[in-house]
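Please read it with the sequence and the model at hand.

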Amino acid sequence: MIRQDFQRVDPKRRSNLDHKKTQFAVPVFKQQDYPHRLNFYEIPPTAEITLEQFEQWAIDRLKVLAEIEACSYRNKSPADTASHITPLLQKFIPLSSNTSSTLGAGDPRLKNERQKDHYSHFILRLAFSATEELRRRFARAETMLFRFRFLQDDTKEKRAFIESLNLDWEPVSDEERDALSEHLIGATTGLRNVDEEAWYKVDWERVPELVEKRSVFMSKGKAYVPGKEQLSMTIAEFTARLERALELTSRALPRLDEDDRLTPILDHLSKNFGSAESTYSEGEGFVDGAPITAGNVDKLSQHFPLCMRSLHMSLRKNNHLKHYGRLQYTLFLKGIGLSLEECILFWRQSFKGFTDDEFNSRYKYNVRHAYGDVGGDVNRRGRGYPPYSCQKILGDSNPGAGQTHGCPYRHFSVDNLIGLLQSTGVHDKDLLRGVREDVEKTRYHIACNRVFEWAHKSDIKRVKEDGSWSQTDLDTIVHPNTYFKRSYLLKQAGKAPKNA
(Lines give C-alpha, C1' and ligand atoms only; values in the text may rest on other atoms or scores of the structure.)
Protein backbone atom coordinates (compact mmCIF):
# COMPACT_ATOMS: atom_id res chain seq x y z
CA MET A 1 0.00 0.00 0.00
CA ILE A 2 2.80 2.37 0.89
CA ARG A 3 4.60 1.46 -2.30
CA GLN A 4 1.55 2.26 -4.42
CA ASP A 5 1.09 5.64 -2.71
CA PHE A 6 4.71 6.50 -3.40
CA GLN A 7 4.32 5.64 -7.07
CA ARG A 8 1.40 8.06 -7.34
CA VAL A 9 3.62 11.03 -6.41
CA ASP A 10 3.86 13.45 -9.30
CA PRO A 11 7.20 12.87 -11.15
CA LYS A 12 8.06 16.57 -11.25
CA ARG A 13 7.47 16.89 -7.54
CA ARG A 14 9.51 13.77 -6.82
CA SER A 15 12.49 15.12 -8.75
CA ASN A 16 12.59 18.16 -6.51
CA LEU A 17 13.22 15.88 -3.55
CA ASP A 18 16.64 14.91 -4.94
CA HIS A 19 18.65 17.35 -2.85
CA LYS A 20 21.96 16.19 -4.30
CA LYS A 21 21.14 17.48 -7.76
CA THR A 22 20.26 20.92 -6.49
CA GLN A 23 22.87 21.24 -3.77
CA PHE A 24 25.81 20.18 -5.87
CA ALA A 25 24.63 21.11 -9.34
CA VAL A 26 27.25 23.85 -9.66
CA PRO A 27 30.11 23.14 -7.23
CA VAL A 28 31.98 26.34 -6.53
CA PHE A 29 35.22 26.43 -4.53
CA LYS A 30 36.12 29.99 -3.81
CA GLN A 31 39.84 30.66 -3.93
CA GLN A 32 40.84 33.08 -1.19
CA ASP A 33 42.61 36.24 -2.31
CA TYR A 34 43.54 37.51 1.19
CA PRO A 35 43.27 41.28 0.71
CA HIS A 36 44.13 41.89 4.37
CA ARG A 37 46.96 40.80 6.62
CA LEU A 38 44.58 40.20 9.53
CA ASN A 39 41.99 37.45 9.39
CA PHE A 40 38.87 36.47 11.36
CA TYR A 41 39.09 32.96 9.82
CA GLU A 42 35.41 32.73 8.92
CA ILE A 43 35.74 31.14 5.47
CA PRO A 44 37.14 27.58 5.59
CA PRO A 45 39.90 26.83 3.08
CA THR A 46 38.94 24.77 0.05
CA ALA A 47 42.06 24.47 -2.12
CA GLU A 48 44.09 21.27 -2.00
CA ILE A 49 47.35 21.01 -0.06
CA THR A 50 49.65 18.05 0.48
CA LEU A 51 49.53 15.91 3.61
CA GLU A 52 53.06 17.10 4.39
CA GLN A 53 51.93 20.74 4.24
CA PHE A 54 48.90 19.89 6.36
CA GLU A 55 51.08 18.55 9.16
CA GLN A 56 54.03 20.95 8.91
CA TRP A 57 51.94 24.12 8.74
CA ALA A 58 50.01 23.00 11.81
CA ILE A 59 53.19 22.19 13.73
CA ASP A 60 54.70 25.58 12.86
CA ARG A 61 51.63 27.42 14.15
CA LEU A 62 51.49 25.23 17.23
CA LYS A 63 55.04 26.21 18.13
CA VAL A 64 54.02 29.85 18.17
CA LEU A 65 50.79 29.29 20.12
CA ALA A 66 52.58 27.17 22.71
CA GLU A 67 55.14 29.94 23.26
CA ILE A 68 52.41 32.57 23.55
CA GLU A 69 50.65 30.44 26.16
CA ALA A 70 53.94 29.86 28.00
CA CYS A 71 54.65 33.61 28.11
CA SER A 72 51.22 34.17 29.60
CA TYR A 73 51.63 31.47 32.23
CA ARG A 74 55.05 32.84 33.22
CA ASN A 75 53.60 36.35 33.57
CA LYS A 76 55.98 37.90 31.06
CA SER A 77 55.42 41.60 30.44
CA PRO A 78 53.96 42.70 27.09
CA ALA A 79 57.41 43.96 26.06
CA ASP A 80 59.11 40.65 26.97
CA THR A 81 56.37 38.71 25.23
CA ALA A 82 56.72 40.81 22.09
CA SER A 83 60.50 40.36 21.97
CA HIS A 84 60.06 36.63 22.48
CA ILE A 85 57.24 36.08 19.99
CA THR A 86 58.37 38.35 17.13
CA PRO A 87 61.29 36.18 15.90
CA LEU A 88 59.18 33.02 16.27
CA LEU A 89 56.42 34.52 14.14
CA GLN A 90 58.93 35.57 11.52
CA LYS A 91 60.41 32.07 11.48
CA PHE A 92 57.28 29.92 11.52
CA ILE A 93 54.25 31.94 10.34
CA PRO A 94 55.45 35.27 8.90
CA LEU A 95 52.70 37.64 7.83
CA SER A 96 53.79 40.70 5.86
CA SER A 97 51.60 43.77 5.36
CA ASN A 98 50.47 45.09 1.98
CA THR A 99 52.87 48.00 2.42
CA SER A 100 55.76 45.77 3.43
CA SER A 101 59.17 46.99 2.29
CA THR A 102 60.18 43.41 1.46
CA LEU A 103 57.02 42.07 -0.20
CA GLY A 104 54.77 44.13 -2.43
CA ALA A 105 50.99 43.73 -2.61
CA GLY A 106 51.27 41.66 -5.80
CA ASP A 107 54.13 39.46 -4.63
CA PRO A 108 53.06 35.76 -4.68
CA ARG A 109 54.98 35.21 -1.45
CA LEU A 110 52.51 37.52 0.30
CA LYS A 111 49.64 35.23 -0.70
CA ASN A 112 51.65 32.15 0.32
CA GLU A 113 52.22 33.58 3.79
CA ARG A 114 48.55 34.36 4.25
CA GLN A 115 47.48 31.00 2.88
CA LYS A 116 49.70 29.19 5.39
CA ASP A 117 48.33 31.34 8.21
CA HIS A 118 44.75 30.64 7.08
CA TYR A 119 45.16 26.89 6.66
CA SER A 120 47.21 26.35 9.80
CA HIS A 121 44.52 28.05 11.88
CA PHE A 122 41.80 25.77 10.53
CA ILE A 123 43.91 22.63 10.91
CA LEU A 124 44.53 23.40 14.57
CA ARG A 125 40.87 24.29 14.96
CA LEU A 126 40.10 20.69 13.99
CA ALA A 127 42.74 19.37 16.39
CA PHE A 128 41.60 21.41 19.39
CA SER A 129 37.82 21.19 19.12
CA ALA A 130 37.47 17.78 20.76
CA THR A 131 37.17 18.93 24.39
CA GLU A 132 36.02 22.07 26.15
CA GLU A 133 39.44 22.52 27.76
CA LEU A 134 41.25 22.37 24.41
CA ARG A 135 38.74 24.75 22.82
CA ARG A 136 39.19 27.24 25.66
CA ARG A 137 42.99 27.14 25.47
CA PHE A 138 43.03 27.40 21.68
CA ALA A 139 40.65 30.38 21.65
CA ARG A 140 42.73 32.11 24.31
CA ALA A 141 46.04 31.56 22.49
CA GLU A 142 44.61 32.57 19.11
CA THR A 143 43.11 35.71 20.65
CA MET A 144 46.50 36.67 22.08
CA LEU A 145 48.08 36.09 18.67
CA PHE A 146 45.41 38.21 16.96
CA ARG A 147 45.87 41.00 19.52
CA PHE A 148 49.62 41.01 18.95
CA ARG A 149 49.22 41.20 15.18
CA PHE A 150 46.49 43.85 15.42
CA LEU A 151 48.74 46.10 17.47
CA GLN A 152 51.59 45.64 14.99
CA ASP A 153 49.48 46.32 11.91
CA ASP A 154 49.60 49.46 9.81
CA THR A 155 46.88 51.98 10.80
CA LYS A 156 45.48 52.29 7.28
CA GLU A 157 45.36 48.54 6.72
CA LYS A 158 43.85 48.02 10.14
CA ARG A 159 41.03 50.44 9.34
CA ALA A 160 40.37 48.77 5.99
CA PHE A 161 40.24 45.35 7.65
CA ILE A 162 37.73 46.47 10.29
CA GLU A 163 35.52 48.08 7.64
CA SER A 164 35.53 44.79 5.70
CA LEU A 165 34.08 42.92 8.68
CA ASN A 166 30.74 44.77 8.62
CA LEU A 167 30.59 44.63 12.40
CA ASP A 168 27.27 45.40 13.99
CA TRP A 169 28.43 48.46 15.91
CA GLU A 170 25.59 50.95 16.21
CA PRO A 171 26.87 54.54 15.92
CA VAL A 172 25.67 56.83 18.71
CA SER A 173 23.83 59.85 17.33
CA ASP A 174 25.01 63.36 18.19
CA GLU A 175 21.80 63.96 20.16
CA GLU A 176 22.20 60.84 22.32
CA ARG A 177 25.91 61.50 22.78
CA ASP A 178 25.26 65.05 24.02
CA ALA A 179 22.48 63.89 26.33
CA LEU A 180 24.79 61.33 27.95
CA SER A 181 27.94 63.45 27.84
CA GLU A 182 28.45 63.59 31.62
CA HIS A 183 28.11 59.82 31.96
CA LEU A 184 30.39 59.15 28.99
CA ILE A 185 33.13 61.45 30.29
CA GLY A 186 32.83 60.01 33.79
CA ALA A 187 33.25 56.43 32.56
CA THR A 188 36.08 57.09 30.09
CA THR A 189 39.61 57.71 31.31
CA GLY A 190 41.43 60.71 29.87
CA LEU A 191 38.44 62.09 27.99
CA ARG A 192 37.54 65.78 28.44
CA ASN A 193 35.07 66.28 25.64
CA VAL A 194 32.74 63.73 24.08
CA ASP A 195 33.23 65.39 20.69
CA GLU A 196 36.79 64.04 20.61
CA GLU A 197 35.62 60.53 19.78
CA ALA A 198 33.22 58.65 17.58
CA TRP A 199 30.93 56.55 19.79
CA TYR A 200 29.44 53.11 19.29
CA LYS A 201 26.68 51.27 21.11
CA VAL A 202 27.05 47.47 21.49
CA ASP A 203 25.65 44.72 23.72
CA TRP A 204 27.73 44.72 26.89
CA GLU A 205 28.55 40.98 26.50
CA ARG A 206 30.58 41.86 23.39
CA VAL A 207 33.11 43.98 25.30
CA PRO A 208 33.70 42.03 28.55
CA GLU A 209 37.26 43.37 28.84
CA LEU A 210 36.04 46.97 28.96
CA VAL A 211 33.17 46.13 31.31
CA GLU A 212 35.55 44.37 33.67
CA LYS A 213 37.80 47.45 33.77
CA ARG A 214 34.73 49.69 34.23
CA SER A 215 35.94 51.91 31.40
CA VAL A 216 32.63 52.21 29.53
CA PHE A 217 29.23 53.66 30.35
CA MET A 218 26.42 51.10 30.39
CA SER A 219 22.70 51.65 30.03
CA LYS A 220 19.85 49.22 29.30
CA GLY A 221 22.22 46.39 28.43
CA LYS A 222 24.25 48.51 26.03
CA ALA A 223 27.88 49.61 26.40
CA TYR A 224 28.83 53.01 24.99
CA VAL A 225 32.32 52.58 23.58
CA PRO A 226 34.62 55.38 22.32
CA GLY A 227 36.44 54.87 19.06
CA LYS A 228 39.80 54.67 20.82
CA GLU A 229 38.66 51.35 22.32
CA GLN A 230 38.30 49.85 18.86
CA LEU A 231 40.96 47.27 19.74
CA SER A 232 38.92 45.85 22.62
CA MET A 233 35.76 45.66 20.53
CA THR A 234 37.53 43.97 17.63
CA ILE A 235 39.27 41.43 19.85
CA ALA A 236 36.07 40.66 21.75
CA GLU A 237 34.34 40.05 18.42
CA PHE A 238 37.20 37.82 17.24
CA THR A 239 37.01 35.72 20.41
CA ALA A 240 33.22 35.41 20.35
CA ARG A 241 33.15 34.28 16.73
CA LEU A 242 36.00 31.82 17.23
CA GLU A 243 34.35 30.27 20.29
CA ARG A 244 31.12 29.76 18.34
CA ALA A 245 33.04 28.27 15.41
CA LEU A 246 34.93 25.88 17.70
CA GLU A 247 31.67 24.65 19.17
CA LEU A 248 30.30 23.96 15.68
CA THR A 249 33.54 22.25 14.68
CA SER A 250 33.34 19.93 17.69
CA ARG A 251 29.99 18.65 16.44
CA ALA A 252 31.46 17.81 13.04
CA LEU A 253 34.52 15.97 14.38
CA PRO A 254 32.96 12.46 14.39
CA ARG A 255 32.77 12.62 10.60
CA LEU A 256 36.58 12.76 10.43
CA ASP A 257 36.99 9.34 12.06
CA GLU A 258 36.67 7.72 8.64
CA ASP A 259 39.81 9.46 7.35
CA ASP A 260 42.74 7.37 8.55
CA ARG A 261 45.24 9.89 7.21
CA LEU A 262 44.10 12.95 9.17
CA THR A 263 42.92 11.50 12.47
CA PRO A 264 46.39 10.39 13.73
CA ILE A 265 47.87 13.79 12.82
CA LEU A 266 45.11 15.71 14.58
CA ASP A 267 45.36 13.45 17.61
CA HIS A 268 49.12 14.01 17.80
CA LEU A 269 48.70 17.78 17.54
CA SER A 270 46.08 17.95 20.28
CA LYS A 271 48.26 15.95 22.66
CA ASN A 272 51.19 18.28 22.10
CA PHE A 273 49.52 21.64 22.80
CA GLY A 274 51.55 22.08 25.96
CA SER A 275 54.79 21.11 24.29
CA ALA A 276 54.56 22.01 20.64
CA GLU A 277 57.64 20.14 19.53
CA SER A 278 58.15 16.76 21.10
CA THR A 279 60.10 15.22 18.23
CA TYR A 280 63.82 14.73 18.68
CA SER A 281 66.50 14.91 16.03
CA GLU A 282 69.43 12.55 16.34
CA GLY A 283 72.34 14.31 18.02
CA GLU A 284 70.18 17.29 19.05
CA GLY A 285 71.20 17.07 22.72
CA PHE A 286 74.86 16.42 22.03
CA VAL A 287 77.30 19.13 23.12
CA ASP A 288 80.40 19.22 20.95
CA GLY A 289 83.54 19.08 23.09
CA ALA A 290 81.78 18.36 26.38
CA PRO A 291 83.50 15.71 28.57
CA ILE A 292 80.72 13.12 28.40
CA THR A 293 82.20 10.06 30.14
CA ALA A 294 81.09 7.64 32.83
CA GLY A 295 83.38 9.36 35.31
CA ASN A 296 81.89 12.80 34.65
CA VAL A 297 78.17 11.97 34.97
CA ASP A 298 78.10 12.99 38.64
CA LYS A 299 79.50 16.42 37.82
CA LEU A 300 77.30 16.84 34.76
CA SER A 301 74.16 15.98 36.73
CA GLN A 302 73.93 19.58 37.95
CA HIS A 303 72.74 20.38 34.40
CA PHE A 304 70.11 17.61 34.33
CA PRO A 305 66.37 18.35 34.43
CA LEU A 306 64.61 17.27 37.59
CA CYS A 307 63.36 13.99 36.09
CA MET A 308 66.91 12.84 35.33
CA ARG A 309 68.37 14.43 38.46
CA SER A 310 65.89 12.40 40.51
CA LEU A 311 66.90 9.17 38.75
CA HIS A 312 70.57 9.93 39.29
CA MET A 313 70.07 10.68 42.98
CA SER A 314 68.09 7.44 43.45
CA LEU A 315 70.76 5.48 41.65
CA ARG A 316 73.48 6.88 43.87
CA LYS A 317 71.41 6.25 47.00
CA ASN A 318 70.30 2.67 46.21
CA ASN A 319 72.97 1.52 43.72
CA HIS A 320 70.11 0.30 41.57
CA LEU A 321 67.17 1.42 39.40
CA LYS A 322 64.26 -0.65 38.17
CA HIS A 323 63.75 -1.35 34.48
CA TYR A 324 61.78 1.71 33.34
CA GLY A 325 63.99 4.04 35.33
CA ARG A 326 67.10 2.48 33.77
CA LEU A 327 65.62 2.76 30.28
CA GLN A 328 64.57 6.41 30.70
CA TYR A 329 67.96 7.35 32.14
CA THR A 330 69.99 5.28 29.66
CA LEU A 331 68.31 6.93 26.68
CA PHE A 332 68.88 10.36 28.21
CA LEU A 333 72.59 9.63 28.73
CA LYS A 334 72.80 8.30 25.19
CA GLY A 335 71.22 11.55 23.98
CA ILE A 336 73.78 13.79 25.68
CA GLY A 337 76.59 11.89 23.94
CA LEU A 338 77.60 9.08 26.31
CA SER A 339 79.00 6.27 24.16
CA LEU A 340 77.78 2.69 24.50
CA GLU A 341 81.05 1.57 26.09
CA GLU A 342 80.99 4.43 28.59
CA CYS A 343 77.32 3.81 29.36
CA ILE A 344 77.95 0.15 30.13
CA LEU A 345 80.85 1.22 32.35
CA PHE A 346 78.64 3.78 34.09
CA TRP A 347 75.95 1.22 34.93
CA ARG A 348 78.49 -1.41 35.95
CA GLN A 349 80.15 1.00 38.40
CA SER A 350 76.75 2.15 39.70
CA PHE A 351 75.43 -1.36 40.41
CA LYS A 352 77.94 -2.02 43.16
CA GLY A 353 76.06 -4.90 44.76
CA PHE A 354 76.29 -7.17 41.72
CA THR A 355 79.07 -9.37 40.42
CA ASP A 356 80.29 -9.03 36.84
CA ASP A 357 78.41 -12.18 35.86
CA GLU A 358 75.17 -10.93 37.43
CA PHE A 359 75.48 -7.55 35.76
CA ASN A 360 76.30 -9.03 32.35
CA SER A 361 73.46 -11.56 32.45
CA ARG A 362 70.76 -9.26 33.85
CA TYR A 363 71.49 -5.70 32.71
CA LYS A 364 74.14 -5.37 30.01
CA TYR A 365 71.89 -6.57 27.17
CA ASN A 366 69.26 -3.91 27.94
CA VAL A 367 71.85 -1.13 27.63
CA ARG A 368 73.10 -2.52 24.32
CA HIS A 369 69.52 -2.88 23.09
CA ALA A 370 68.73 0.77 23.92
CA TYR A 371 71.72 1.83 21.82
CA GLY A 372 70.71 -0.44 18.92
CA ASP A 373 73.73 -2.69 19.30
CA VAL A 374 71.50 -5.77 19.51
CA GLY A 375 67.86 -6.59 18.80
CA GLY A 376 65.47 -5.99 15.93
CA ASP A 377 62.44 -3.81 15.27
CA VAL A 378 63.43 -0.18 15.86
CA ASN A 379 67.03 -1.30 16.31
CA ARG A 380 67.51 -2.82 12.87
CA ARG A 381 69.40 0.19 11.57
CA GLY A 382 71.63 0.31 14.64
CA ARG A 383 70.19 3.51 16.09
CA GLY A 384 68.30 2.12 19.03
CA TYR A 385 65.56 4.05 20.76
CA PRO A 386 65.45 7.87 20.82
CA PRO A 387 65.66 9.70 24.16
CA TYR A 388 62.26 10.27 25.73
CA SER A 389 60.64 13.66 25.20
CA CYS A 390 58.77 15.51 27.94
CA GLN A 391 55.50 14.55 26.30
CA LYS A 392 56.45 10.87 26.28
CA ILE A 393 57.47 10.96 29.95
CA LEU A 394 54.36 12.90 30.97
CA GLY A 395 52.09 10.52 29.10
CA ASP A 396 53.46 7.31 30.57
CA SER A 397 51.61 5.51 33.34
CA ASN A 398 52.33 6.47 36.94
CA PRO A 399 55.39 4.76 38.42
CA GLY A 400 54.57 2.00 40.90
CA ALA A 401 56.11 1.19 44.27
CA GLY A 402 59.89 1.32 44.16
CA GLN A 403 59.93 2.86 40.67
CA THR A 404 61.51 6.25 40.07
CA HIS A 405 60.88 7.00 36.41
CA GLY A 406 58.44 9.60 35.11
CA CYS A 407 58.22 13.37 35.64
CA PRO A 408 58.44 14.62 39.26
CA TYR A 409 56.18 17.57 38.41
CA ARG A 410 53.54 15.15 37.11
CA HIS A 411 54.00 12.00 39.18
CA PHE A 412 55.19 13.21 42.60
CA SER A 413 52.93 14.60 45.30
CA VAL A 414 53.35 18.37 45.63
CA ASP A 415 55.06 18.02 49.02
CA ASN A 416 57.49 15.40 47.73
CA LEU A 417 58.18 17.55 44.66
CA ILE A 418 58.97 20.60 46.79
CA GLY A 419 61.20 18.47 49.00
CA LEU A 420 63.07 17.17 45.93
CA LEU A 421 63.56 20.69 44.59
CA GLN A 422 64.88 21.87 47.96
CA SER A 423 67.31 18.95 48.06
CA THR A 424 68.76 20.22 44.76
CA GLY A 425 69.27 23.74 46.15
CA VAL A 426 65.98 25.42 45.19
CA HIS A 427 64.76 27.43 48.20
CA ASP A 428 63.27 30.60 46.70
CA LYS A 429 59.77 30.92 48.22
CA ASP A 430 58.26 32.79 45.28
CA LEU A 431 59.62 30.21 42.86
CA LEU A 432 58.28 27.29 44.90
CA ARG A 433 54.90 29.02 45.15
CA GLY A 434 54.84 29.40 41.37
CA VAL A 435 55.74 25.73 40.93
CA ARG A 436 52.86 24.74 43.21
CA GLU A 437 50.42 26.81 41.18
CA ASP A 438 51.71 25.36 37.90
CA VAL A 439 51.41 21.79 39.14
CA GLU A 440 47.90 22.37 40.52
CA LYS A 441 46.87 23.61 37.06
CA THR A 442 48.68 20.69 35.33
CA ARG A 443 51.18 23.03 33.65
CA TYR A 444 54.07 20.66 34.28
CA HIS A 445 56.38 21.86 31.49
CA ILE A 446 55.86 25.45 32.63
CA ALA A 447 56.92 24.51 36.17
CA CYS A 448 60.08 22.87 34.80
CA ASN A 449 60.89 25.90 32.65
CA ARG A 450 60.23 28.19 35.61
CA VAL A 451 62.89 26.35 37.63
CA PHE A 452 65.30 26.44 34.69
CA GLU A 453 64.93 30.20 34.24
CA TRP A 454 65.44 30.80 37.97
CA ALA A 455 68.57 28.63 38.08
CA HIS A 456 70.05 30.32 34.99
CA LYS A 457 68.77 33.86 35.52
CA SER A 458 72.17 35.57 35.44
CA ASP A 459 73.41 33.45 32.52
CA ILE A 460 70.30 34.18 30.45
CA LYS A 461 70.66 37.88 31.16
CA ARG A 462 74.32 37.77 30.09
CA VAL A 463 73.76 36.03 26.73
CA LYS A 464 70.87 38.36 25.94
CA GLU A 465 72.94 41.45 26.68
CA ASP A 466 76.01 40.35 24.73
CA GLY A 467 73.85 39.15 21.82
CA SER A 468 75.44 35.68 21.66
CA TRP A 469 72.02 34.03 21.92
CA SER A 470 68.85 35.05 20.11
CA GLN A 471 65.37 34.91 21.60
CA THR A 472 64.57 31.73 19.66
CA ASP A 473 67.53 30.04 21.38
CA LEU A 474 65.63 30.47 24.65
CA ASP A 475 62.18 29.18 23.72
CA THR A 476 60.27 26.80 25.97
CA ILE A 477 62.12 23.56 26.72
CA VAL A 478 60.13 20.46 25.80
CA HIS A 479 62.83 17.78 25.91
CA PRO A 480 65.12 16.67 28.78
CA ASN A 481 68.16 16.57 26.50
CA THR A 482 67.50 20.13 25.35
CA TYR A 483 67.40 21.11 29.03
CA PHE A 484 70.84 19.61 29.59
CA LYS A 485 72.41 21.11 26.50
CA ARG A 486 71.06 24.58 27.16
CA SER A 487 72.08 24.48 30.83
CA TYR A 488 75.58 23.29 30.01
CA LEU A 489 76.17 25.90 27.34
CA LEU A 490 74.76 28.75 29.43
CA LYS A 491 77.22 27.93 32.20
CA GLN A 492 80.14 27.98 29.75
CA ALA A 493 81.19 31.60 29.24
CA GLY A 494 81.36 32.57 25.57
CA LYS A 495 79.71 29.39 24.31
CA ALA A 496 77.32 29.75 21.39
CA PRO A 497 73.93 28.01 21.61
CA LYS A 498 74.44 25.83 18.51
CA ASN A 499 70.76 24.96 18.18
CA ALA A 500 70.31 24.42 21.90
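1. Basis of the note. This is a predicted model, in which local features need pLDDT of at least 70 and side-chain atom pairs count only at pLDDT 80 or more, while totals for chains, interfaces and linings use all residues. Residues are numbered from 1 along each chain as its sequence is written, and side-chain values use heavy atoms, with hydrogens and water left out.

2. Overall make-up. The protein has 25 helices and four strands; helices (H or I, at least four residues) and strands (E, at least two) are DSSP runs, numbered from the N terminus. Of its 500 residues, 47% count as buried. Here buried means under 20% relative accessible area, exposed over 50%, and partly exposed in between, with a 1.4 Å probe and protein chains only.

3. Nonpolar cores. A nonpolar core is a set of buried Ala, Val, Leu, Ile, Met, Phe, Trp, Tyr and Cys residues joined through side-chain atoms within 4.5 Å. The largest one has 60 residues, and Phe304, Tyr329, Trp347, Tyr409 and Leu421 have the most contacts inside it. Apart from it lies another core of 51 residues, including Ala141, Phe148, Phe150 and Ala223. When neighbours within four places in sequence are left aside, the contacts of Phe304 include Tyr329, Phe332, Leu333 and Ile336, as well as Tyr483 and Phe484.

4. Helices α16 and α18. The axes of α16 (residues 323-335) and α18 (residues 356-371) come within 10 Å and cross at roughly 50°. Axes are lines fitted to C-alpha atoms, for helices over the stretch in contact, and angles run from 0 to 180 degrees between N-to-C directions. The two helices are therefore oblique to each other; angles under 35 degrees count as roughly parallel, over 145 as roughly antiparallel, 65 to 115 as roughly perpendicular and the rest as oblique. Their crossing is right-handed, that is, the near helix is turned clockwise from the far one by less than a right angle. On the α16 side, Arg326, Leu327, Thr330, Leu331, Leu333 and Lys334 take part, and they meet Tyr363, Asn366, Val367, Ala370 and Tyr371 of α18.

5. Helices α22 and α23. With axes 8 Å apart, α22 (residues 429-440) and α23 (residues 444-455) pack at an angle of about 165°. They are therefore roughly antiparallel to each other, and this crossing too is right-handed. Among the residues that make the contact are Leu431, Gly434 and Val435 of α22, together with Ile446, Ala447 and Trp454 of α23.

6. Cysteines. How many disulfides does the structure hold? It holds zero, a disulfide being a pair of cysteine sulfur atoms within 2.5 Å. For Cys390, the closest cysteine sulfur is that of Cys448, at 6.1 Å, which is too far for a bond. Cys390 is buried, with a relative accessible area of 18%, and Cys71 is buried at 1%.

7. Positive phi angles. Most residues other than glycine have a negative phi. Asn166, which is not a glycine, has a positive phi of about 50°; this residue is in the loop between α8 (155-164) and β1 (170-171) and is exposed at 66% relative accessibility. Asn319 also has a positive phi, near 55°. Its place is the loop between α15 (306-318) and α16, where Asn319 is partly exposed, at 27%.

8. Pro408. This residue is found in helix α20 (residues 408-411) and is buried at 1% relative accessibility. Pro408 and Cys307 are 101 residues apart in sequence, yet their C-alpha atoms are 5.9 Å apart in space. Beyond neighbours within four places in sequence, Pro408 is in contact with Leu306, Cys307, Ser310, Leu417 and Leu420.

9. Leaving aside neighbours within four places, Leu253 is in contact with Leu126, Ser129 and Ala130.

Definitions and conventions:
Contact means heavy atoms within 4.5 Å.
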